[in-house]
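Please consult the sequence and structure shown here.

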Amino acid sequence: MEEVLKPDLCVIGAGSGGLSVAAAAAQFGVPVVLIEKGLMGGDCLNYGCVPSKALLAAGKRADAVRTAATFGIEVLEAQIDHRGVHDHVHGAIAAIAPNDSVERFTGLGVRVIQAQANFLDKFTVEAGRVLVRARRFVIATGSSPTIPSIPGLDEVPYLTNETIFDVSERIQHLIVLGGGPIGLELGQANRMLGSHVTIFDTADFLAHEDPEAAKVLLKRLEDTEVVLYPNTRVERVEPSVQGVAVHFHKDGESVIIKGSHLLVATGRKPNLKQLSLDRAGIAHTADGIKVNEQLKTTNRRVYAIGDAVGGAQFTHLANYHAGIVIRNALFRLKPDVSAANIPRVIYTDPELAQVGLTEAEAHKQYRRIRIFRAPYSDNDRAQCERQTEGFIKVITKKDGTILGVTIVGAEAGEMLQLWIVAMAKDIRIGDLISLVLPYPTLSELSKKVAYAYYQPTLTKGWLRTVIGLLRRLG
Ligand SMILES: Cc1cc2nc3c(=O)[nH]c(=O)nc-3n(C[C@H](O)[C@H](O)[C@H](O)COP(=O)(O)OP(=O)(O)OC[C@H]3O[C@@H](n4cnc5c(N)ncnc54)[C@H](O)[C@@H]3O)c2cc1C
Ligand SMILES: NC(=O)c1ccc[n+]([C@@H]2O[C@H](COP(=O)([O-])OP(=O)(O)OC[C@H]3O[C@@H](n4cnc5c(N)ncnc54)[C@H](O)[C@@H]3O)[C@@H](O)[C@H]2O)c1
């Protein structure tokens with residue numbers, strides 16, 4: 001016997017995007033049904049942001065022990081208990097999980113259905129034994145790892161972001177396919193935890209990032225003996241005594257590298273297959289669901305958000321999408337999804353953070369731009385912490401309007417926040433010099449780079465003449 005529900009809103013997928021929509025709508029008193037086929041919290045909590053940052057945090061602790069002598073502290077080598085690291089990672093997930101739980105959402109008044117959803121027609125979604133006929137639907141089904149067609153890959157055990165956090169023993173040698181954020185973050189985390197790490201990419205590493213900033217990060221990886229093979233295609237994979245052997249060509253020579261574990265991190269595809277989108281008249285490609293500026297699909301009752309839409313894939317983007325849907329569905333407002341500058345951060349050490357245009361993108365779009373830089377080595381706090389690698393680069397129009405900011409270095413993601421506010425509120429670079437920032441903080445570097453905007457004026461003859469005249473007046 002099927003139950004039929006008729007809520008105002010039905011959200012499919014209880015990850016970053018879906019949970020935000022469901023929580024906000026429920027708090028406004030709207031009847032909501034939330035359907036999730038897997039774990040509440042989706043990729044970010046269970047297989048993505050949270051475990052990867054927790055693993056990096058463990059790696060950074062091990063690295064701090066390794067580099068303690070620089071601070072005059074002698075310690076014996078870090079002893080890594082891999083079961084302990086595993087438990088720490090899952091402890092971080094467990095600490096956050098109650099926020100995303102069935103209990104919390106039921107308490108908010110949301111009807112949570114734990115089943116797989118698919119459309120039966122333009123108006124109806126089926127989930128287990130429940131039929132949902134909602135006024136509006138939101139598809140927030142996320143994405144999954146793409147698996148490249150490399151001969152032999154099917155015959156070897158390989159890891160993805162969905163399985164690597166279950167490993168609780170030492171990874172002797174991790175071979176990573178893909179040098180995007182996932183490959184670099186997990187590659188570096190494992191290196192810091194004592195594994196040998198080799199990363200392959202079919203393209204240049206960090207090809208879309210500012211090349212100067214990318215160089216700083218890639219140098220750190222190479223200095224710490226992460227082996228990088230850019231522009232290299234793994235041709236074949238086979239089982240070996242150690243675990244896995246990968247075959248490729250380098251400088252015309254055939255090379256084999258053997259590792260204990262293989263991680264596939266070659267990009268992601270939206271989870272659309274099981275939804276029967278065609279039955280609901282929802283246009284889509286393999287890259288994502290087609291949406292308009294308010295994230296409405298070609299079925300006007302249905303929105304799509306987050307990774308399911310394709311393009312950039314971030315939790316904060318899925319959350320931003322959720323806000324657009326709430327404003328449009330509940331208040332009939334028409335916010336434009338392309339209006340915000342979406343920042344991005346790679347949480348390696350050093351971090352690489354970007355908001356707005358890179359220098360290369362700005363050159364393409366504007367005839368005249370100005371570029372201001374300040375190195376971390378100019379910052380007193382960075383000297384105290386011995387975190388002097390990296391820089392901040394700000395790209396502006398001639399009048400100081402900020403077009404983009406790149407930061408590579410310690411806490412770059414935190415440092416970026418000031419610039420996100422400045423760009424969102426149309427604050428020009430020169431205005432930042434009036435801020436009083438606490439000393440000594442890394443954030444002072446942002447003020448330093450802002451001073452650079454006035455540097456040419458300080459040496460202008462007319463200004464010196466005015467100051468001279470005022471001095472003579474007493
Ligand atoms: C290793 C890794 C690290 C990452 N680190 C970061 C980071 O540091 N910062 C950042 O901003 N982003 C990061 N991301 C990206 C981020 O996780 C995603 O962009 C974000 O989770 C997308 O949210 P979403 O709501 O679209 O999808 P998800 O959070 O994945 O949620 C989708 C949910 O829908 C469910 N679902 C799918 N199909 C159905 C169906 N038919 N019926 C019912 N339920 C269904 C799934 O089970 C899942 O729970 C990372 C990703 C990975 C893989
Ligand atoms: N810090 C963060 O915000 C964060 C962290 C992790 C993931 N994410 C997001 O999750 C998504 C997925 O990340 P990702 O790193 O898997 O994907 P990605 O698409 O960013 O990078 C995949 C990389 O794999 C390479 N590649 C493709 N096929 C290959 C092959 N056969 N062999 C070797 N290399 C190959 C590509 O050239 C590319 O550099 C991204 O959108 C990313 O922004 C964000």
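The sections below cover conventions, domains and helix packing.

## Basis of the model

The model is predicted: local features need pLDDT of at least 70, side-chain atom pairs count only at pLDDT 80 or more, and totals for chains, interfaces and linings use all residues. Residues are numbered from 1 along each chain as its sequence is written, while chains are lettered from A and ligands numbered from 1 in the order in which they are written.

## Domain arrangement

The protein comprises domain 1 (3-145 + 269-339), domain 2 (153-267) and domain 3 (350-459), with bounds from an automatic or database domain assignment. Between domain 1 and domain 2, the C-alpha centres are separated by 27 Å.

Contact (C-beta atoms, placed from the backbone, within 7 Å) links 18 residues of domain 1 with 15 residues of domain 2. On the domain 1 side, α3 and α4 each contribute at least two residues, and α3 gives the most, with 9 residues. This side divides into 10 nonpolar, 5 polar and 3 charged residues.

## Packing of α3 and α4

Helices here are DSSP runs (H or I, at least four residues), numbered from the N terminus. The axes of α3 (residues 49-66) and α4 (residues 82-96) come within 9 Å and cross at roughly 135°.

From α3, V50, P51, A54, L55 and A58 meet V85, H88, V89, A92, I93 and I96 of α4. By class, this contact has 10 nonpolar, 1 polar and no charged residues.

Conventions: Axes are lines fitted to C-alpha atoms, for helices over the stretch in contact, and angles run from 0 to 180 degrees between N-to-C directions. Two residues are in contact if their C-beta atoms, placed from the backbone, lie within 7 Å. Ala, Val, Leu, Ile, Met, Phe, Trp, Tyr, Cys and Pro count as nonpolar, Asp, Glu, Lys and Arg as charged, and the others, Gly among them, as polar.
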